[in-house]
Amino acid sequence: MIKAPEHISALRPYMPGKPIEELERELGIKNSIKLASNENPIGPSPAAVRAITAGFKKTLNRYPDGSGYYLKTALAGKLSVKPDELILGNGSNELIDIAVRTFLAPGDEAVMAHPSFVVYSMAVQAGGGKAIQVPLRDYRHDFGAMLNTVTPKTKMLFIANPNNPTGTMNTQEELDGLMAKIRDNMLVIVDEAYYEYVMNSGYADSFKHFRAGRNILILRTFSKIYGLAGLRIGYGIAHQEIIAEMNKVRPPFNTNSLAQKAAIEALKDKGHIKKSKEINNKGKSYLYKELSSLGIRHVPTEANFIYMPVADSMDIYKKLLHNGIIVRPMGPAIRVTIGLPEENRRFIKTLKKLRVKS
Ligand SMILES: Cc1ncc(COP(=O)(O)O)c(C=O)c1O
């Protein structure tokens, strides 16, 4: 068989979970709950659902608007940016890939934290670049250590703020300090997939550096608080010259027409965002309280998931799975998405039953 180049065959593919119905069939269980992918447990805005059900039959035979004109106009108004400072992606995931293919030449290096969102290193390696992974410190990005790994070959630096899987954030002071040391031939990608959930007033405003004309690409998504993960739509904000280069690499029809329509409505529905945040905050307080009383370590989160360092994460993951609770094993921890109140209660009840300890 034909062989892929070495940098591709060395890659380990992203392991998606099995469909929930299939898992239930295999394990002989029912009514399982998915707390594994940091989705919005209340689903999307009803207005977004109405937008895609109304009249979609009329448009499915047509290609989508490749420029995403109406969605970009809506985003530009909301964010006070120009439409040509925006790029839409098939999820923010695709924008990570496009950024790498645009700005990283084979042999270039990209710095990122570990553990952080796995797609950064996969995209860099698939692009023939070298991923330099820098351990977190106290579960947070260690900007000093990341800067120490920068070499003349470094072209890119990834920051997930808040970080996945730990839910931690970096402050304004930290980001300002980092940006002061970034060379003009480097791009900083600030991935803000969970930005809408952040409650901490010290959270870094990345727009400050975008407005100052720096080499920064800010990524956001409709997959998390907006509840549209299945439609695959996200966006990036950067200087128009950065966006123009990325548009050369972007597939012409990368975001579909239903996703564009739903996203426009989702943006307008402030009530849905407020409700989603409230459910998350209440769930967070409940889980903190219960985990503390069970003596289970958990890292304070700015996102919609909680990182719990445990002794044997695979074992706990499997036991939870057999009890119909799907979480994400993450090396020395499990990551649980904050769910609906009844889902959180069931999670805690099961931890108690299983006598889980840190
Ligand atoms: C930090 C981070 N960035 C990006 C993504 C990808 O989101 P999207 O669904 O927009 O591709 C995720 C999804 O889990 C994430 O955790």
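## A strand pair

Met308 lies opposite Ile334 of strand E12. The model is predicted: local features need pLDDT of at least 70, side-chain atom pairs count only at pLDDT 80 or more, and totals for chains, interfaces and linings use all residues. Residues are numbered from 1 along each chain as its sequence is written.

E12 covers residues 333–337 and runs antiparallel to E9, with 5 bridges joining them. Strands here are DSSP runs of E with at least two residues, helices are runs of H or I with at least four, and both are numbered from the N terminus. Two strands pair if DSSP finds at least two bridges between them.

## The open sheet

The order E9-E12-E11 makes an open sheet of 3 strands, with antiparallel pairing. E9 (305–309) and E11 (328–330) stand at the edges with a single partner strand each, so one side of each has no neighbour in the sheet. On average, neighbouring strands of this sheet are turned by 25 degrees against each other, direction ignored. The axes are lines fitted to C-alpha atoms, and angles run from 0 to 180 degrees between N-to-C directions.

## Helix H6

H6 spans residues 92–103. Of its 12 residues, 11 are buried, so the helix is largely enclosed by the rest of the structure. Buried means that 20 or more other C-beta atoms, placed from the backbone, lie within 10 Å of the residue's own. Among the buried residues are Ser92, Asn93, Glu94 and Phe103.

## Around the ligand

The shell around the ligand holds 4 nonpolar, 8 polar and 1 charged residues. Nonpolar covers Ala, Val, Leu, Ile, Met, Phe, Trp, Tyr, Cys and Pro; charged covers Asp, Glu, Lys and Arg; the others, Gly among them, are polar.

Definitions and conventions
Expected span 1.5 Å × (residues − 1).
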